[in-house]
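My notes follow as numbered points.

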Amino acid sequence: MNKIKQVWQLLNTDIRELGKPGEIAEAGAEVSKAGLELAIALGLFATPAAPVAAVAAGLSFVGLTRKGVNLYRDKGKTSLEEWAAIAFPLAYLESFDKLVRENDWLQQKIGSGISDQAAKSQLEQLGELQLDQKLIEDALTYFPESRLGQALNQQLSDYLKQAGLNQYSIPIVTGWVAWGIYPIIDQLLSYESETITQPLQLTRTAARETQATQKYGSIESYLTEQISPHTSNPLLQTQWKVLGETFTLPDIYVPLEAHLVDKNGKVDKKADPVNLEQWAKEQLTKPDKNGQVLFIQAGPGRGKSVFCRMFANWVREHLHPIWTPILIRLWDIDAFENNIENTLRAAVKADFVKSDDGWLTDRNTRFLFVLDGFDELRMEGRTTGGIEKFLKQVGNFQSNCQQTSQLGHRFLVTGRELALHGIERFLPRNLERVEIALMNDKLQQKWLGKWSNLVGEDKANAFGEFLQAQNCPEQVKELAREPLLLYLLAAMHRDGEISLELFEGTSRADAKVLIYQKALDWVLTQQRSQELNLELTEQETEGLRRILTEAGLCVTQSGGEWTSIGMIEERLKGDDQARKLLEKARERIGDNPLRNALAAFYLRPASASEATEGAVEFVHKSFAEFLCAQRLVESLKEWVEPRRKRGGFLVSQDQLAEEVYDLLGYGGLTWEIVEYVMALFNVSNEEFVQLFQRLEEFYLDWCNGEFINAEPTSNLPQKTMLQLRKHGSLMGLREVDIYAGLNMMILLLELKDYSVIRDELKGKISFNPCGQPDSDSFEPTRLLRIISYSNSVKVDTFSNTVNPFLSNVNLSGAYLSGANLSSLNLSLANLTDAYLSGANLSGANLCLANLTDAYLGGANLSDIYLNSANLNRIFWDEYTQWKNVRGLETAITVPEGLKQQLSLSPPNPPPDAPNS
């Protein structure tokens, strides 16, 4: 015991020579104030007369442990016990200092140091340790649980408590500091003689194999390989690349702004927007927000996925291990379990998850789960309960994290706001929501500054002048406020592919389509990979276009941003042009020509597990949707192509039906795809009417069940289901049939709306899902049957799929008794003579709708919007619910009796009342 005390006495006296400025100075690694305070608290350095911050300047703890051992060796001391008495405390101090220097949160949280009296008390406790070989072996095998590790952890815990850290963060710091000494000790031993190392060889080997050491090492490996932009994995390196450029995301990224969203899902655009990164950082580090899920919504191309990657890496660099980021792309999850812990385990796939059943209850870890793309959960067959079930699981788990000290994790979720339509009332209440804002002038200028660093000031200025020009269409200026489209415009302008003249006379949709079309041409002609940098003939270029559009369809049908190469190849079997191109490419570049071809066109390999089977992934979902729309338009045009010799159409009605299932039997069309389709679809008025008639014929046959009730040899839903399942889809027979019909309804609704704005088509097209009243095709219960059939697979399937397209729908004469129409957007709808007895219309939007002669007896109208609606001669009864009706005071021809019932006007005066 006396010998050990002498060692410790020497440690905290002679070792103080290291504390002199210049003795341990090392450029670029200045000691932290907290590190110096801990050294003083442990009695290793004398309490300075000057302020700690001033003493810390010019000092460095990098290599402190080795210098300390060398200093002690110079005094002739070489025993294992004496070596350990110096090495372990100094390695511990060096590990702590390194952690503080790399963690912004710790630097801000650790306040003033501790008292001299506390330091003396801690020093006396450490001095009582009996440093024999057994204690040293225990320390090397599993330092955090050894007597020496626990003693040092206790001293650090006391220091952190006095410095102001909370009880949940302290064990995280001590756990990682304790683990952090291993590489320091291991490196130190590599310099030592066999006198020191020989007795510890087996112990060092055992230390590397402990579960805890492997866990911490696995977490660090995960962060390096999955989160850091400096990963050595080529598949993950591409996720940091900007499309076909040589620079990476950090080179071009600027922090975005966001609007706050209230508990009712309303965006507060009156309030000043917040810096998205700063908002996320504040929410993450505020203890009173621990029960809240950070929820970021935005449309495509607004920067959600890029933000997730950038923010996860910022957390890795500045907050780990106080917060350890886990980035999960939700479209990569194969199955969603009833227990969210199992879902997360399957999604992470790292060793620290697989080998540790208690990975979520470890007091030394706290994770930030960044879940990107909640809208991907909308796809049927991908989940068992849908987006609302998963978000509810996240909300419940977050609440548990707040209440359970062993958890404490946080969730950040991103996705498209459109995916929430119709399910707002199912969302958990503990969401802290924001919506990414369009880039303002200030952010755009900041982005142009970064662009200038990459392409030169002249080109950047020229692009800025292009956007500011008076004859630059407003639509183009609006699109340039989306990060993805801003880059596309800048890159194509840099390469001379776009000019002001190009956009003259274009609409918003046309401008966006034109940008994507130009981007496609740009890729085909200028952005090809070196292997494909050939003088392609016009035929070969068209073959590449064909491959791309089929890839876009396959990716969309797969429900995410990637698809298997096999699925694309199978769809191209009947295309001679594409097949010949692939054969030609195979001769030049090996066995995987399609993979190489697609790699050049804003596609990248999918994650490692998918890449082994052959998969490709679009850099952004917008590209897949645009190319999918192009593929759909190709078929739409073919369906009205005349057969020259015998009249009629080149594609028969039976073949049309087969192609409808093949193209549309996968899931609901998105608003973006439909917008692209309508902008791309340019045919004569006669062909437009012919297409509508042919699609309506399919719709009526589908409503009658002709396709799903067909014999197995000619059953189109079954054929499509089997085809999709070959490539991993879980779509069932009913789902395929339902989506084919609902998607056809969407197209018919859009064609009808489009005909209204084209004067030459007015009066030639009309569509009512139930048919036109007083016509042979009219069936008042048709829509009611469609809703019931659609919801037989999953509640709200109808509203989730069709709701974005129902505005201005014609439902005159429809029988919808008891129908679930809650939260539907029926603004401008024609509901004259509609029978809505007992229907659930709660939360529905009926602004400017025409409800003349509608029957509302017993209907559920709570929280409905009736702004400027026509309520002439409506019928209601005592069972009709009018709770929280909005906008009724602006409705047209409101019956007098309803006004009196709802106190909207004074009651009629009695007959004998005098006239005023």
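1. Proline 321 lies in the loop between α17 (304–318) and β4 (324–329), where helices (H or I, at least four residues) and strands (E, at least two) are DSSP runs numbered from the N terminus. The peptide bond that leads from histidine 320 into proline 321 is cis, with omega near 10°.

2. This is a predicted model, in which local features need pLDDT of at least 70 and side-chain atom pairs count only at pLDDT 80 or more, while totals for chains, interfaces and linings use all residues. Residues are numbered from 1 along each chain as its sequence is written, and side-chain values use heavy atoms, with hydrogens and water left out.

3. Aspartate 796, in the loop between α37 (782–790) and α38 (797–802), is a residue other than glycine with a positive phi, near 80°. Aspartate 796 is buried, at a relative accessible area of 4% (buried means under 20%, exposed over 50% and partly exposed in between, with a 1.4 Å probe and protein chains only).

4. Threonine 893, found in the loop between α38 and α39 (896–901), also has a positive phi, of about 50°, although it is not a glycine. Threonine 893 is partly exposed, with a relative accessible area of 41%.

5. Leaving aside neighbours within four places in sequence, phenylalanine 96 is in contact (heavy atoms within 4.5 Å) with residues including Ala34, Leu38, Ile110, Tyr159 and Val177.
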